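I opened the model today to look up a few strands and the surroundings of the ligands. My notes follow, one topic at a time.

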Amino acid sequence: MARFAATLGVIILSGFINLTAANKDTCDLHAVVGQSLTLPFVYEELANSHVLRWTHNSTIILYRQQGKVSVGKPEDLSATGSLVLKNLQFSSAGEYQAKLLNPNGTLAKSWTGRLCMMDKVSKPQLAYICDPKSGAVNLNCHVANPQSWMFSWMLNEKTLTSETRPTLSISLAQLKGEMSFTCSVANKVSKEKSDTVRPNCKSPPPPPTICFKSKTVVAVLAGGAGLILLLLIIIIVLCICHIRIKTQMRRRDEGEMRMHSLNKRVPDSIKALY
Ligand SMILES: *[C@@H]1O[C@H](CO)[C@@H](O)[C@H](O)[C@H]1NC(C)=O
Ligand SMILES: *[C@@H]1O[C@H](CO)[C@@H](O)[C@H](O)[C@H]1NC(C)=O
């Protein structure tokens, strides 16, 4: 029971950690270093009587009361209360919050958003390798420091919608005629395209299986011919032996017959002698 409770606890805890991690990952706004960004808080009836407070990671970055800005620059504030962030840095990331209070101290409107700072993607290098073994050309879209970047591919200026990985394999049989490839990397704030590459793979060689087959056929033919030759030699040798044995037997038979007739005759003559 205790074990079950512990397991359940771990599951709930890991679920909670996952949830908080997911919350941290969700960004409402994305920007690159050096960029300017307007935080989208809008209150059309903004008046001098309102109190407006902007915070970044709970630090007050703008405070306006009775139409007087005591924290921050008044020129960064729009007529509707939105705030412009200029020359963004990595430290500009984090949580931004706007709070607008009515003259009587109640909350009129608030806004919270998380800003994520990102690197601009760098230009990808597109390279290819012809692979006659698998009958394909393998393309590789290389970037120096790929983070969670998205890849896309264009074949003859048309986007291959299903290809989103850094590598692409196209069968050489499909590569009829001139084909041009480009790959692109993108993140939420920028996109870069590679130079165009026209793979020059020699016309698809005969499928390797046929190569194997012809070799095998030659080997089998050679082997077969050898076997047949061997069989012929054996047959010839056997025939010669057989003929020899036959002749020998006939000769012996003839000899025996002669002996027999001699024997037959001999007794007569012997009889005559005795
Ligand atoms: C604000 O918090 C974020 C993380 O949530 C951090 O990346 C950023 O550097 C912080 N900035 C300041 C100025 O505290
Ligand atoms: C405070 O002021 C707002 C608008 O100015 C009004 O809608 C709201 O009812 C007021 N609340 C109180 C408690 O006076």
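**Strand pairing**

I started with strand β3 and strand β7 (residues 94-101), which are joined by 6 bridges and run antiparallel. I take strands as paired if DSSP finds at least two bridges between them. Helices (H or I, at least four residues) and strands (E, at least two) are DSSP runs, numbered from the N terminus. I checked one pair of residues here: L52 has L100 in β7 as its bridge partner.

I then followed β7 to its other listed neighbour. Strand β8 (residues 107-118) is antiparallel to β7, with 8 bridges between them. Y96 has its bridge partner, G113, in β8. The hairpin of β7 and β8 has 5 residues between the strands, and G105 in this hairpin takes a positive phi near 90 degrees.

I looked up a second hairpin. Strand β4 (residues 59-65) pairs with strand β5 (residues 68-71) over 3 bridges, in the antiparallel sense. Y63 is partnered by V71 in β5. Between β4 and β5 there are 2 residues, and Q66 in that hairpin has a positive phi near 55 degrees.

**Model and numbering**

This is a predicted model: local features need pLDDT of at least 70, side-chain atom pairs count only at pLDDT 80 or more, and totals for chains, interfaces and linings use all residues. Residues are numbered from 1 along each chain as its sequence is written, chains are lettered from A and ligands numbered from 1 in the order in which they are written, and side-chain values use heavy atoms, with hydrogens and water left out.

**H56**

Is H56 buried or exposed? H56 counts as buried because its relative accessibility is 13%, and buried means under 20% (1.4 Å probe, protein chains only). I find H56 in strand β3, residues 51-56. Its side chain reaches the backbone oxygen of A93 at 2.6 Å. That is a polar contact, a pair of N or O atoms within 3.5 Å; within protein, one must be able to donate a hydrogen and the other to accept it, and residues adjacent in sequence count only if both atoms are side-chain atoms. Leaving aside residues up to four places away in sequence, H56 touches I61, S91, S92, A93, G94, E95 and Y96. Contact here means heavy atoms within 4.5 Å.

**Ligand 1**

Which residues are around ligand 1? I list H56, N57, S91, A93, G94 and R114, each with a heavy atom within 4 Å. The side chain of N57 has an N or O atom 2.3 Å from an oxygen atom of ligand 1. A nitrogen atom of ligand 1 is 3.0 Å from a backbone N or O atom of S91. R114 places a polar side-chain atom 3.4 Å from an oxygen atom of ligand 1. On its own, ligand 1 has 360 Å² of accessible area (Shrake-Rupley method, 1.4 Å probe), and the protein covers 46% of it.

**Ligand 2**

I found N102, N104 and T106 around ligand 2. The side chain of N104 has an N or O atom 2.5 Å from an oxygen atom of ligand 2. The protein covers 29% of the 360 Å² that ligand 2 has as accessible area on its own.

**Whole chain**

The protein chain has 15 strands and 2 helices. Of its 274 residues, 24% count as buried.

How values were computed: Buried means under 20% relative accessible area, exposed over 50%, partly exposed in between (1.4 Å probe, protein chains only).
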